[in-house]
Amino acid sequence: MVEYRIDRRSGVATYLQIVQQTKQALRLGLLRPGDKLPTAREVVAATAINPNTVLKAYRELEREGLVEARRGLGTFVRRALGAAPADSPLRAELEQWAERARAAGLERDDVAALFTSVLDKHFKGDQE
């Protein structure tokens, strides 16, 4: 099951953080079709956010065809995204790169900017 982490300082709307984290879990294979998402009550208990925010995120995921709500049962994953499993060799290489970046004194925002610039160079027009 996915555990949501809300960063109130990120400037990203809370419901979008839930949507993004769910999509990331789908891309990494941490969530698979048929898996049940945490209930709104469980997310509220873990994150202290408004239940309507959770429901808004789940509605957005449903609108995108990624999940489906089943009355009285919960919200379930309908389809997966991407093909980058959490145990991918590429992830291991990226982990090593991130360790080297940190050892070199780069901060999170520096690494994010560097990584984003490389993504932009190699994946032009591939955005959601």
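1. In this predicted model, Tyr58 is in contact with Tyr4, Ile18, Leu37, Pro38, Val43, Val67 and Thr75, when neighbours within four places in sequence are left aside. Tyr58 also belongs to the largest nonpolar core, which has 20 residues, and together with Ile18 and Leu37 it is among the residues with the most contacts inside that core. Helix H1 (14–27), helix H2 (40–47) and helix H3 (51–63) each supply at least two residues of this core.

2. The overall architecture may be stated briefly. The protein chain contains five helices and two strands, and its elements follow the pattern α-α-α-β-β-α-α along the sequence. The C-alpha trace spans about 50 × 30 × 25 Å along its principal axes. Of the contacts in the chain with a separation of 6 or more, 56% are accounted for by residues 24 or more positions apart.

3. As to burial and surface, buried residues make up 27% of the 128 residues in the protein chain. The accessible surface comes to about 9,300 Å², and 51% of this belongs to carbon and sulfur atoms. The chain has 21 positive and 18 negative side chains; the centres of the two sets lie 5 Å apart.

4. The loop between H3 and strand E1 (67–70) contains Leu66. Is Leu66 buried or exposed? Its relative accessible area is 1%, and the residue is therefore classed as buried, the cut-off being under 20%. Not counting residues up to four places away in sequence, Leu66 touches Lys23, Leu26, Leu61, Phe76, Val77, Arg78, Arg79 and Leu81. As a further point of reference, Leu66 and Thr39 are 27 residues apart in sequence, with their C-alpha atoms 16 Å apart in space.

5. Ala48 counts as exposed, at 61% relative accessibility, whereas Ile49 counts as buried, at 9%. Leaving aside neighbours within four places in sequence, Ile49 is in contact with Ile6, Arg8, Thr14, Ile18, Val43, Val44 and Val54. Ile18 and Val43 are also listed among the contacts of Tyr58. Ile49 and Val111 are 62 residues apart in sequence, and the distance between their C-alpha atoms is 29 Å.

6. Ala48 is not a glycine, yet it has a positive phi of about 60 degrees. Most residues other than glycine have a negative phi. A positive phi is also found at Gly105, which follows H4, with a value near 95 degrees.

7. Which span should helix H4 (residues 89–103) have? At 1.5 Å a residue, its 15 residues should span 21 Å, and the end C-alpha atoms are 21 Å apart, so the two values agree. The C-alpha atoms of Ala103 and Asp87 are separated by 23 Å, the two residues being 16 apart along the chain.

Technical notes:
Residues are numbered from 1 along each chain as its sequence is written. This is a predicted model: local features need pLDDT of at least 70, side-chain atom pairs count only at pLDDT 80 or more; totals for chains, interfaces and linings use all residues. Side-chain values use heavy atoms; hydrogens and water are left out. A nonpolar core is a set of buried Ala, Val, Leu, Ile, Met, Phe, Trp, Tyr and Cys residues joined through side-chain atoms within 4.5 Å. Buried means under 20% relative accessible area, exposed over 50%, partly exposed in between (1.4 Å probe, protein chains only). Helices (H or I, at least four residues) and strands (E, at least two) are DSSP runs, numbered from the N terminus. Contact means heavy atoms within 4.5 Å. Accessible areas come from the Shrake-Rupley method with a 1.4 Å probe; for residues, only the protein chains shown count as cover. Lys and Arg count as positive and Asp and Glu as negative; His and the chain ends are not counted. The place of a charge is taken as NZ of Lys, CZ of Arg, CG of Asp or CD of Glu. The expected span of a helix is 1.5 Å times one less than its number of residues.
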